[in-house]
Amino acid sequence: MKSLSPLAGKTILIIGEPGFLSDGAKQALIARQASITGPIVVSTAMECLSEGLEFEAAIIDVRISDEAMLWLNEWLETRGIPFVFAHDQRSKAPGGGFILSGRRADIDAMITALFGPDLSYYH
């Protein structure tokens with residue numbers, strides 16, 4: 001039987017500090033049949049991307065430096081890889097954006113942004 005999850009079989013790269021991906025968020029992504037790489041810190045992510053790390057989408061901690069954010073934005077957009085910037089539910093990030101948590105609504109919002117019918121934006 002074919003899975004109905006848009007994440008089925010896809011590798012999601014998580015870029016952020018080790019605590020960025022909670023156990024609940026990780027389990028919610030895995031429950032939707034995604035493979036998870038990370039979280040990896042920005043400097044390591046930039047190195048791995050340059051060396052050809054393979055993945056279908058990325059979730060990036062919104063608290064990374066502006067310089068890293070711009071580099072990642074350009075790198076991912078050039079390759080047509082969908083990505084979103086998010087913050088974890090514990091952080092005091094500015095309002096708006098995506099929340100990386102185990103809550104169904106939070107995960108579904110990111111899935112729609114990454115793999116939904118309107119792929120005219122990447123973040």
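**View 1. Phe-55, Trp-71 and Trp-75 form a cluster held together by ring pairs.** Rings of Phe, Tyr and Trp (its six-membered ring) pair if their centres lie within 6.5 Å; planes under 30 degrees apart count as stacked, over 60 as edge-to-face and the rest as tilted. This is a predicted model, where local features need pLDDT of at least 70, side-chain atom pairs count only at pLDDT 80 or more, and totals for chains, interfaces and linings use all residues. Residues are numbered from 1 along each chain as its sequence is written, and side-chain values use heavy atoms, with hydrogens and water left out.

**View 2. Here are the rings of Phe-55 and Trp-75.** The structure has 3 aromatic pairs. In this one the ring centres are 6.5 Å apart and the planes sit at 20 degrees, so it counts as stacked. Phe-55 is in the loop between helix 2 (42–50) and strand 3, while Trp-75 is in helix 3 (residues 66–79), so the pair ties together parts that are 20 residues apart in sequence. Helices (H or I, at least four residues) and strands (E, at least two) are DSSP runs, numbered from the N terminus. Phe-55 and Trp-75 are both buried; buried means under 20% relative accessible area, exposed over 50%, partly exposed in between (1.4 Å probe, protein chains only).

**View 3. Now for Phe-83 and Phe-85.** Their ring centres are 5.7 Å apart and their planes meet at 90 degrees, so this pair is edge-to-face. Phe-83 is buried, with a relative accessible area of 0%, and Phe-85 counts as buried at 14%.

**View 4. Take a look at the largest nonpolar core, with its 22 residues.** A nonpolar core is a set of buried Ala, Val, Leu, Ile, Met, Phe, Trp, Tyr and Cys residues joined through side-chain atoms within 4.5 Å. Ile-12, Ile-14, Leu-29, Ile-59, Leu-100 and Met-110 have the most contacts inside it. Among the elements giving two or more residues are strand 1 (11–15), helix 1 (23–31) and helix 4 (104–115). Helix 4 supplies the largest share, 6 residues. There's also a second, separate core of 17 residues, including Leu-49, Ala-58, Ile-64 and Phe-83.

**View 5. Thr-11 sits in strand 1.** Thr-11 is buried, at a relative accessible area of 19%. Leaving out residues up to four places away in sequence, Thr-11 touches Ser-35, Thr-37, Glu-54, Phe-55, Glu-56 and Ala-57 (contact means heavy atoms within 4.5 Å).
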